[in-house]
Amino acid sequence: MSTGGRAGDLTGEQAYLTRLYGRLDELRAEAGARLEGVLAATGLGHQGLAERDVAADELARRAARLDAVENGLCFGRLDMDDDERRYVGRMGILDGSADFEPLLIDWRAPAARPFYAATARSTEGVRRRRHIRTSGRRVTGVLDEEFDGLAEPAGDAALLAAVDAARTGRMSDIVATIQKEQDDIIRSPHTGVLVVQGGPGTGKTAVALHRAAYLLYTQRERLARSGVLIVGPNTTFLRYIGDVLPSLGESGVLLATVGELYPGVRARRPEAPAAAEVKGRAAMADVLAAAVRDRQEVPDAPFDIVYDEGTARLDPGDCAEARRVARESGLPHNQAAAVFRELALAALARGVAAQFGQDVLDGSSLLTAEDLEIIAADLAASPEVSAALDALWPRLTPQRLLRELYVSPERLAAAAPGLTAEERAGLLRPLDRLGWSVADVPLLDEAAELLGDDPAVLRAAEEEAAAERAERLALAGEALDIAYGSRTTDFDDGEEAEQLAAFDLIDAERLAERQAERDTRDAAERAAADRTWAFGHVVVDEAQELSAMAWRVLMRRCPARSMTVVGDIAQTGAPGGSRGSWADVLGPHVGSRFRRAELTVNYRLPARIAAVAAAVLHRIDPAARPPRAVRDTPAEPWRLAVPREELVAAAVRRAARECAGSPEGRVAVLAPAALVPALAAGAAAAGLADRVDVLDVGRAKGLEFDSVLVADPDGIAAASPRGLNDLYVALTRATQRLGVLHTGRTPPEPLALLRPPAAAAG
Ligand SMILES: Nc1ncnc2c1ncn2[C@@H]1O[C@H](COP(=O)(O)OP(=O)(O)OP(=O)(O)O)[C@@H](O)[C@H]1O
């Protein structure tokens, strides 16, 4: 393999790149002019206006795609055995001639595949693979791999440069350096559930996002209609990965946490881990089904309903029969209410008719059919009768079902006999205005399925959602007022973050309202507002974190079961997350009908940090194979014992030292949640807030930083429901340097092997 850039190569590639950007500019100008033309059209009827909006949206999306590929437009060239030359880049570009010659091949097109798949042993017709490095519109280097059959290409310098680069705090795409084992997954033709297991840093997230981009390219029409959902563990993570698909020219994908998947509900309520774990169990589906059945009542004894026209007697036997038929209708609760009501009304009408006596000869009613109809109509129109029947089979919103379950020990005991008294007590809560937790969302969704839609209930649910929104806006308004009121010219970054959160909230609401007014929203936008939306493809990242109940939600959102599921069971941290295998997780939904792929190379951790992590992994699961690190760095990971009362100050000092040691890149201090506020305040006071993130391990899941300081590893292990899993996650976030600050004489055992840093004075 030859590297570097001979002057002739650079000049030649620069000329080609300049031509490509020239063509890109032309295409942008064309798209802009067409958009202007469409928007300027006047005298359109209703239909014409709707068509114009659709066309304008499509053109705006195309313009956005053309803008998005500006950076790193072209990154590779293939010289084939037959002398054909192919340039590979972020999008396909044809020249402007009548022949439409391809100038640039989209990385996802079959013709680009050899760029990722060719090896010395299987060259796929490639003679030379060239990596083209650019900065803006300038070529800065080329790197050639010659497949002359003589030798295995040497280590991939392009890859090493990419994985060694300083991190920005936002994930970048890897389109220029996708490796073969990753490419096989990205382009997998499998149409069902594809599970990608891999240790930390093996590129699971990167692969999942590039697979989404690949599917959007190969199945554009289908997925433009049905949309793609990407599920991540928390909003910090979603922000971290949020630039990747747009940089690949793909928008219109919905990124959400499970807590955001129930329209109208924002899950903000804190939840005790034990209660979250119980709520995540698959058995909660039966609990909810029982809770719904429990709301379908039969009176213990006959009772009289006094209404305008007299008194009607409701008999428990008739009620039980009406309930039996309604249940057997197979309809969801709210729709079956109509069946119950009709049968109960008929029974009531028979009872009233009987009050008028019977023919002594044949026992038939003395009333005419017309009389009977009038009685039935009077009963149906009576508010008293309706109230009595509604009390027996109330129409329910999911919110009401759950709220009334959570406040009632009796209802909980009846619906959840399988839970222990302690577990049930953990679910109890007062009637308050704190809303819903993330663990409640799958239960609301499950309840919505069991209850079904009913116009009256939909209205009630909308009213509840509107009230909740109004409350949130009021709270946001208050937060803004507070932020403005307490604004000083020198507020620290913690305050600024608060203020931004409030602005974000309001912006999100405004956006949602604007979207609701248009009907040209893309699939992702419409899907976000529709609980019953069926996505064309669902990507689940950090999939090990999901509870059994959360999986049920995702399976409902993807009836076609076209899914890419990526995760690492050894990193499970969430209280309801997976303990077993992927077969345990997916079995209830797809049986054994899923394909499993594995990623084995670690692109994040330098070898010496990977060795520390491997020792911890061995403790978690002696049978697990740690991924192989692709590179090493000179910095030795270290540990430092500090007195507990000095931990915060020592961690802040160390973070400052990390920042001073390299001018760019991100530093993280990872600590037990209880320590985070003090550490964050210390970092802010030291003026480090723009370079240093202070996070608990749950928030750091899936993220990475140039330098990581793990503060109080014992505390992290003790606070984690899974013992060492959270510590494993914390130790696997660093791309360059790792330090551990512990308070005991020695840290948890595998870390005891580490030595103090070169200059130990904290
Ligand atoms: N082929 C590649 N070229 C360049 N960088 C890569 C490549 N594959 C992965 N990386 C980088 O390696 C890092 C780790 O990738 P990623 O976050 O996708 O790993 P992960 O398996 O999801 O990790 P975790 O389990 O910790 O969430 C990222 O910075 C990613 O960009």
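The shell around the ligand comprises nine nonpolar, 10 polar and six charged residues (Ala, Val, Leu, Ile, Met, Phe, Trp, Tyr, Cys and Pro count as nonpolar, Asp, Glu, Lys and Arg as charged, and the others, Gly among them, as polar). The model is predicted: local features need pLDDT of at least 70, side-chain atom pairs count only at pLDDT 80 or more, and totals for chains, interfaces and linings use all residues. Residues are numbered from 1 along each chain as its sequence is written, and side-chain values use heavy atoms, with hydrogens and water left out.

In total, 25 residues surround the ligand, the closest being Thr177, Lys204, Arg604, Glu704 and Arg733 (a heavy atom within 4 Å). A polar side-chain atom of Lys204 is placed 2.6 Å from a ligand oxygen atom. For Arg604, the distance from a polar side-chain atom to an oxygen atom of the ligand is 2.8 Å. Of the 630 Å² of accessible area that the ligand has on its own, the protein covers 97% (Shrake-Rupley method, 1.4 Å probe). Helix 4 (157-164) and helix 6 (204-218) are the elements that give two or more residues to this shell (helices are DSSP runs of H or I, at least four residues; strands are runs of E, at least two).

An unreviewed UniProt entry places the feature "binding site" at positions including Gly199, Lys204 and Thr205; such annotations may be inferred rather than shown by experiment. Gly199 lies in the loop between strand 7 (193-198) and helix 6, and counts as buried because its relative accessibility is 10% (buried means under 20% relative accessible area, 1.4 Å probe, protein chains only). Not counting residues up to four places away in sequence, Gly199 touches Lys204, Asp568, Gln571, Leu599 and Pro627 (heavy atoms within 4.5 Å). Thr205 is located in helix 6 and is buried at 10% relative accessibility.

Technical notes
A polar contact is a pair of N or O atoms within 3.5 Å; within protein, one must be able to donate a hydrogen and the other to accept it, and residues adjacent in sequence count only if both atoms are side-chain atoms. Buried means under 20% relative accessible area, exposed over 50%, partly exposed in between (1.4 Å probe, protein chains only).
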